[in-house]
Amino acid sequence: MNKSAYHDSGRSYVTGSAEYVDDRPLVQGEVFVDVFYSPIAHGKIKSLDVSQCLALPEVLGVYTYKDLKHNLWGSIFHDQVFLAAEQVQFVGEPIAVIAATKRDIFHLAKSKIKLEVEELEPTLDLQKAINSKFFIGPKRTIQRGDVDTALATAEYRLKGDIEIAGQEHFYLESQASIAYPKEDQQIEIHSSSQHPTEVQHLVAEALGLRHHQVVCVVKRMGGAFGGKESQAAPFAVFAALVAQKLNRPARIILTKDDDMVMTGKRNPFKNFYEVGFDRQGKILALKAELFSDGGAYADLSTAIMERAMLHLDNAYFIPNFKVDGQVCKTHTPPNTAFRGFGGPKGVATIESIIEDIAVQLKKDSLEIRKLNAYQKEQTTPYGQKIEDNVLPQLFSEIETHTQYKKWRQDIETHNAGNHSTYRGLSVTAVKFGISFTTRFLNQGSALVNVHMDGSIQVSTGATEMGQGVNIKIAQVVAECFSIPIEDVKVMTTSTEKIPNTSATAASSGSDINAQAALTAAQGIRERLSKVAKAVLARPKEWRGKPMAGAGTVPEIQIETVTDWQSIEFQSGQIFDKSNPKETITFSELVLEAYLNRQSLSQHGYFKYPGIFYNKETGQGTPFFYYTNGVAASEVSIDRWTGELKVLRSEILMDLGRPINEAVDHGQVTGAFVQGMGWVTTENLFYKNGRLVSNSPSTYKIPSVHDIPRVFHCRLLDNNINTRNVRASKAVGEPPLLLAISVWAATKNALSYYKKSKSVIKLRIPATQEQIYMKMKETSV
Amino acid sequence: METRDYILLTINGQMHKIKGEHAFLPLSSLLRYELGLTGTKVVCAEGDCGACTVLFRRHQFSSERFQSLNSCISTSFLMDMNHIITVEGLASQNHLSEIQDSMIKNFGGQCGFCTPGFVMSLTNLYENHKQATEQKVKNYLTGNLCRCTGYQPIINAALAVDTTKIKPLARQYDYSRAEHDFDSEKQRPIKITLSEKEFFAPTTLEMAAEYKSKNPEARIFSGATDIGVQINKGKNPGNKLMSLHLIPSLYEIRQEGDFTVIGARVSLHALQKYLERKQSQFADFLNIFASPQIKNTATLVGNLANGSPIADTTPFLLTVDAMVDMQGSLGKRSLLLTDFIKGYKSFDLKDDEFITSIRFKLPNPAKIKIGLFKVSQRRDLDISSVNSCFIFQTHNKKIEKAKIAYGGVGPKALRLFDVEKAIEGQELNTALVDKIKQMISTRITPITDLRGSADFRSQQCLDLFDRFVQENFTYE
């Protein structure tokens with residue numbers, strides 16, 4: 001039932017009534033907030049003169065680091081300042097917070113601030129940071145076997161490197177927060193954040209308050225994709241600072257231009273590798289060094305690097321394996337979580353290597369992939385056994401379903417003809433580990449409140465950013481009581497209701513929160529079952545408020561009720577299996593439970609069981625399970641202009657038994673297209689450390705015309721999986737990595753163009769200019 | 001005639017008189033912050049993402065259907081004499097429109113922030129077409145970005161709409177009273193002053209020229225698809241702002257002999273529709289030019305008057321020897337476009353003058369070969385790195401006439417007259433093509449910026465020429 005219930009906000013979305021932070025009505029005295037930020041990448045602050053800005057009649061205050069009780073923060077290391085004090089380390093680093101009575105005064109207000117900086121030599125390039133060993137955090141290693149010997153004795157070896165650029169999240173709703181000062185120094189903050197608990201904690205710390213004085217509320221986000229996991233917090237702090245200083249509500253809404261300049265991106269990577277393989281294409285050894293550009297501060301980059309390393313094997317068994325990972329520091333905005341969280345950078349590397357092996361051996365890359373795919377219960381280089389492995393099945397199904405051999409032949413025929421385009425085809429895979437690699441984050445809780453008319457409110461720590469976590473939670477709870485989905489509402493997320501939450505991230509939002517909600521619901525259901533057992537066995541006349549009010553009927557003692565497991569909940573009716581004709585409705589039962597003094601509220605808690613990972617040894621079982629998928633993509637490149645078209649993408653994913661298949665489909669197509677943007681058109685262009693492609697007129701995310709001309713997504717029938725809530729699997733991030741098939745197909749098309757068939761070195765993203773220049777390179 | 005100090009418009013059927021400060025706000029701010037219609041979202045504030053899409057219909061085109069525009073870059077005063085419909089105005093008595101209903105049922109919204117804009121663009125589609133193919137749906141969604149869905153659910157929603165149940169938006173509200181009010185005020189010029197700022201909308205060309213001669217710095221707003229962006233990015237457009245929207249003649253497209261004359265207020269959308277009937281290749285080119293929202297408000301004259309060296313219509317206009325018609329306080333004059341454009345954003349245009357129309361002879365597709373090209377990072381809705389237009393007329397294998405123009409290759413768009421001379425009278429052969437490419441490469445001076453490197457641009461210019469001759473001619 002409720003298999004594909006519509007998105008719970010669907011109606012609000014299409015009528016424009018869905019409320020985002022900046023849609024909240026202004027309240028009396030509310031002020032607007034903006035940030036004055038560093039115009040240069042690296043320098044020493046000599047002086048800051050805000051007097052002329054303060055002189056503007058609309059400006060109520062200008063605040064600096066001196067106004068904060070505590071200026072250091074960071075999700076992993078506390079290395080970042082909210083407001084720059086002595087030095088600036090990236091263009092866009094906040095220096096001063098301006099409060100004003102008008103929204104449109106800030107261009108002028110910012111121009112009135114006089115900043116004197118002594119410019120220092122910036123490090124703006126990842127390679128430069130690698131060369132000068134400008135690092136953040138320790139180097140990490142994962143290894144298995146004897147990689148050096150295996151490489152030395154391998155029949156074939158390939159050595160190379162791959163450059164992977166960053167990606168802007170381009171959530172449509174820019175960073176936004178409103179802080180309301182409340183009695184007794186309390187602050188209520190409404191933020192567009194994936195991590196209300198971190199916002200609550202950081203606001204409290206920055207303002208010198210205790211956690212219980214701050215409430216963070218998140219109704220919904222207009223997109224996030226990881227960009228609001230850690231980086232929503234500073235802006236919430238700025239609004240809260242103004243609210244505290246002026247004792248007036250304070251609203252900060254970044255412009256898209258400023259948001260893109262100030263906030264971090266997907267980490268750029270530069271990965272060096274050497275791979276050894278035999279004449280069939282079996283990979284014998286892989287030795288790699290991954291370097292990521294963390295930007296100016298650590299943020300989440302070390303955890304992102306870990307996930308990149310844990311995904312370098314991807315779907316392939318590599319007996320001798322060694323990967324080192326090191327985060328580097330540059331004077332650019334601190335890079336951060338972005339859907340896939342490091343995974344895509346590991347996976348792109350191995351998938352690129354496999355394309356190159358295929359070129360070298362003059363074989364079809366799918367053969368190489370099938371040959372190397374994890375079989376049965378093989379073990380990863382970090383020591384996790386692959387259970388319920390569906391990878392071989394996925395490869396074989398996509399091959400059959402797409403009639404791959406014929407497809408390949410068609411492409412070769414096309415390329416042999418005289419056309420203005422060349423085509424390429426590739427199948428890539430994903431094996432995405434589900435769990436935060438930091439164990440303690442893998443926990444969550446929920447609160448289920450049943451009201452006396454039988455309707456239910458559920459609160460969890462999950463935040464809704466469009467991924468449909470709320471409707472999935474509602475479905476799971478509605479199913480537990482066998483009531484219509486309309487009778488369950490998932491409420492606004494608030495640290496007041498559910499504290500100590502983890503960010504809604506790592507694809508784990510529904511896993512953890514739906515399971516916690518289910519646990520709570522099951523507790524209530526058990527009590528209701530006991531009440532039902534007793535109620536159904538008593539005279540009907542004993543039911544109802546008048547009787548209970550009169551005190552003439554005995555109270556049900558549920559502790560004494562036995563055999564309550566025979567109670568069934570079916571389509572809103574509750575009955576004893578032994579006597580299915582005698583029923584009570586859910587709302588009647590709920591009322592009886594109340595009248596017999598049974599709690600209709602319950603807190604539920606869940607943690608992923610059985611996971612551990614030692615970051616120092618690089619060994620353990622970090623993941624609760626894997627979400628797997630494969631995609632086949634065909635592209636064409638225009639030999640005149642380098643223009644890339646994605647002609648067809650066929651996706652096959654294992655999502656267990658989806659709670660809401662339509663929502664999951666939307667996650668797959670959405671993540672895939674977002675990934676396509678990363679590997680094709682999305683080009684971050686910097687000038688002296690300042691992002692100048694900082695708006696959609698210059699930064700090109702995929703438009704409706706860019707999606708694959710033929711675009712199908714199928715889900716594997718999986719009845720083996722029992723692991724997760726309702727036997728579903730996490731879906732948020734994994735399909736993004738399948739867009740690597742588009743990039744691999746582009747490499748394949750270029751190798752057709754370049755008839756010599758030597759290995760093509762291609763950057764991510766493969767922009768039109770990059771493809772065009774590659775073609776020129778080869779035709780010389 | 002007495003001026004008025006307000007603009008008149010209806011929003012979701014209701015008449016509004018907008019005065020003072022509010023008239024200078026972007027329409028999106030007026031809607032969101034003054035009228036509480038927060039369903040209209042603002043993301044980029046530069047007309048690129050479509051989250052702010054609303055529908056409009058000009059009073060004098062009351063017979064026509066509603067069209068879409070980007071409310072974030074449309075200054076409110078430009079909305080005078082318009083009917084506006086926002087996302088809040090689509091449902092009647094809580095009964096969702098077919099498009100809204102289909103978007104819910106097909107999971108067209110994920111985070112929901114772009115959804116109102118998509119709903120408006122799809123409403124625009126079905127306001128103007130009874131049926132739609134997947135391609136048509138995509139064309140109407142060119143100006144809307146979504147970061148969540150991968151568009152597929154939205155396309156599904158669009159194709160699943162029960163079009164037989166769709167009613168024209170004109171019937172959604174009773175406009176008779178508003179039309180009457182508009183009629184009685186349309187001949188009154190507008191003057192709205194706000195401390196040193198002034199907005200002026202004359203009702204005749206002479207009045208406009210007089211104002212321009214007294215206020216040479218006055219900026220003329222048309223669709224505001226560029227100036228609206230500049231304002232949002234903090235650039236001051238000056239204190240004297242003028243709109244010619246109350247001058248009916250400027251909305252005309254007319255034939256004068258062989259010449260097609262396009263008035264300064266003719267939108268690119270209206271122009272495209274006109275050219276489609278003439279089967280001009282230029283109409284196809286306009287197809288990939290900008291989004292519906294932009295084309296419904298932007299004008300050909302505005303694209304030119306903006307002065308950008310990468311304006312997409314300029315190479316075509318250069319190759320067809322377009323003339324620029326101007327009005328000044330002393331009268332009218334016309335100039336060849338090549339003489340009109342002097343340098344980077346600089347024109348042969350006097351302080352008191354403004355452009356009233358552009359005229360050109362439409363090339364006869366049967367007689368010539370034409371190549372119109374635009375190279376950009378993303379095919380649709382992107383600013384070009386280079387663009388070009390080639391028009392060749394042949395007779396007995398000889399090139400009788402050649403016209404070559406490039407944009408994005410220097411401070412201004414270029415017509416390469418001397419290169420053309422080297423081709424005319426010749427038969428095409430590989431040696432000639434190589435020589436021409438050599439000549440082209442010495443005349444262009446592209447720069448490196450975020451849209452492409454100088455090297456990329458130079459090579460593309462030569463490749464575009466190569467492509468044009470290889471695709472249109474056979475030679476050895």
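Residues 24 or more positions apart account for 66% of the chain B contacts that have a separation of 6 or more. Please keep in mind that this is a predicted model.

**Chain B overall**

- Chain B contains 18 helices and 20 strands.
- A compact globule of 476 residues would have a radius of gyration near 23 Å, and chain B agrees with this because its own value is 23 Å.
- Along the principal axes, the C-alpha atoms of chain B fill a box of roughly 70 × 55 × 40 Å.
- Of the 476 residues in chain B, 55% are buried.

**The open sheet in chain A**

- In chain A, 8 strands form an open sheet with mixed pairing, in the order β3-β7-β1-β14-β11-β12-β13-β22.
- Its edge strands are β3 (59-63) and β22 (493-494) of chain A, each of which pairs on one side only.
- Strand β13 (residues 214-218) of chain A runs antiparallel to β22(A), and 2 bridges join them.
- V218(A) has T493(A), in β22(A), as its bridge partner.

**Helices packed on that sheet**

- Helix α6 (residues 196-207) of chain A packs on the sheet and touches β12 (187-191), β13 and β22 of chain A. The direction of α6 makes about 145 degrees with that of β13(A).
- Helix α7 (residues 233-246) of chain A also packs on the sheet, touching β1 (31-37), β3, β7 (94-100), β11 (176-181), β12 and β14 (250-253) of chain A. The direction of α7 makes about 25 degrees with that of β11(A).

How values were computed:
Residues numbered from 1 in each chain as written. Chains lettered and ligands numbered in written order. Predicted model: local features only at pLDDT ≥ 70, side-chain atom pairs only at ≥ 80, totals over all residues. Helix = DSSP H or I, 4+ residues; strand = E, 2+ residues; numbered from the N terminus. Rg over C-alpha atoms; globule rule 2.2 N^0.38 Å. Buried ≥ 20, exposed ≤ 12 C-beta atoms within 10 Å, placed from the backbone. Contact = placed C-beta atoms within 7 Å. Pairing = 2+ DSSP bridges. Axes fitted to C-alpha atoms, helices over the stretch in contact; angles between N-to-C directions.
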